[in-house]
Amino acid sequence: MLSPLLAVLAAVASALASVLQRKAARDQPGKDNLSLRLVWHLLHRPVWLGGILSVIASFLLQAAALGTGRISVVQPLLALELPAALMVSRFLLGGRMGRREWGASAVMAAGVAGLIIALGPGRGKTSSVSGTGWLIGCGVNALVIVVGVLWARGVSGSRRAAVLGATTGCAFGLTAALMKGMTNAFSHGLVALFTSWQLWAMIAVGGCAVFLLQSALHAGRLLATQPGLTMADPVVAILWGVLVFQESVRGGLFILPAVLAAAAAAAAVMVLSRSPLLAGEAGHREDAGSGGEDDAEAPRARKK
C-alpha cells in the first residue's frame, strides 16, 4: 500500500506545481513561448521557484513509488493531479468547487481505481529489459514528443496549449520509464546508480519535460492544458509497463470493466477541464490580453 500512497502524494505535489507555475507564467510575453527566455524571466518569480520545488518533491515521491511498485499502477494514480489541481486553484486562483467539480472528481477517482483493479497489473521484469527494448521504447516515445512539439509550433492559442499539454504528458511518461530503470539500478548500489545511463537520460528528459510544461502552461489556460497532460502520462506508462517491462495485465472479461473505467475517468477529465474554477478571474484577464486566436474569434461570436 506504500507505493499507491506515495503516488497520490506525488499527484498532489504535481498539482501544486502546475498551479504555481501557471500563476507565474500567465503574464509573460507571448513571443517567449517555447523559448529559453521564458525560463529566464520565470527565474525571477518566487512563485515559479515554489512551483519548481513542488516539481522536485513530486519527482522524489514518484521515484519512491516506482521503486516499490509497478509503473502501470503508479502513473494512472498520478492522473488524480487534475482534481487536486482544482482544489489548489480554488485557493490560489479564486473560485469554488461546486457539485459538478466534486462529482466529476469522485467519478475520476473511481475510474482510475476501477482501471487498476480491472487490469490487476503484475510485477514486470525491469532488470531483464534488453538494450533493444530500451532503444525501441525510447525511440518511439521521443518521436511522439518531437512530432508534438512541431505540431504545437504550427498552431496557437488553446490548440497550442492542448497539444503541448499532451506532448508534456508523453515526456513525463518517458521520464517515468527511465526513472523505473534508474530505481532498478539503485537497488544494486550507488555506484551502479551513477554509472547507469537511465539516470542521466532521466535527468535530460525530465529537464525537457519541465521546459515543455512551462511552455504548455504559458500557451493557454489550465482548462486547455490539463486534459492532455493528465491522460497522456498514464497511457504512455501503461504501454511501457506492458510492452517493455512485461507487467502482466488481465485479459478476457476483465477488458470490458477496464475500458468502462477508463472511459469514465476520461469523461470526468473532460468535465473537470471545463470547470470555470480552472479559468477563474485570472482566466478572463488572460483572454482579454492574450490576443490569440480565441480572442480574434470572440468578437465574431458576440456579433452572432
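A crossing of two helices is called left-handed if the near helix is turned anticlockwise from the far one by less than a right angle.

Helix α6 covers residues 99–119 and helix α12 residues 255–273; their axes come within 8 Å and cross at roughly 155°. Angles over 145 degrees count as roughly antiparallel, and α6 and α12 are therefore roughly antiparallel to each other. On the α6 side the contact includes Arg100, Glu101, Ala104, Gly111, Gly114 and Leu119. These α6 residues belong to a set that meets α12 residues including Pro257, Ala261, Ala265, Ala268 and Leu272. By class, the residues of the contact of α6 with α12 comprise 17 nonpolar, three polar and two charged.

Helix α6 also packs with helix α5 (residues 81–92), at an angle of about 150° and with the axes 9 Å apart. By the cut-off given above, α5 and α6 are therefore roughly antiparallel to each other as well. The crossing of α5 past α6 is left-handed. Leu82, Pro83, Leu86, Met87 and Arg90 of α5 make this contact with Glu101, Trp102, Ser105 and Met108 of α6. Six of the contact residues are nonpolar, one is polar and two are charged.

How far can the coordinates be trusted? The protein chain averages a pLDDT of 80, and 80% of the residues score at least 70. Where pLDDT is low, the predicted coordinates should not be read in detail.

Note on methods: Residues numbered from 1 in each chain as written. Predicted model: local features only at pLDDT ≥ 70, side-chain atom pairs only at ≥ 80, totals over all residues. Heavy atoms only, no water. Axes fitted to C-alpha atoms, helices over the stretch in contact; angles between N-to-C directions. Helix = DSSP H or I, 4+ residues; strand = E, 2+ residues; numbered from the N terminus. Parallel < 35°, antiparallel > 145°, perpendicular 65-115°, else oblique. Contact = heavy atoms within 4.5 Å. Nonpolar A, V, L, I, M, F, W, Y, C, P; charged D, E, K, R; others polar. pLDDT = per-residue confidence, 0-100.
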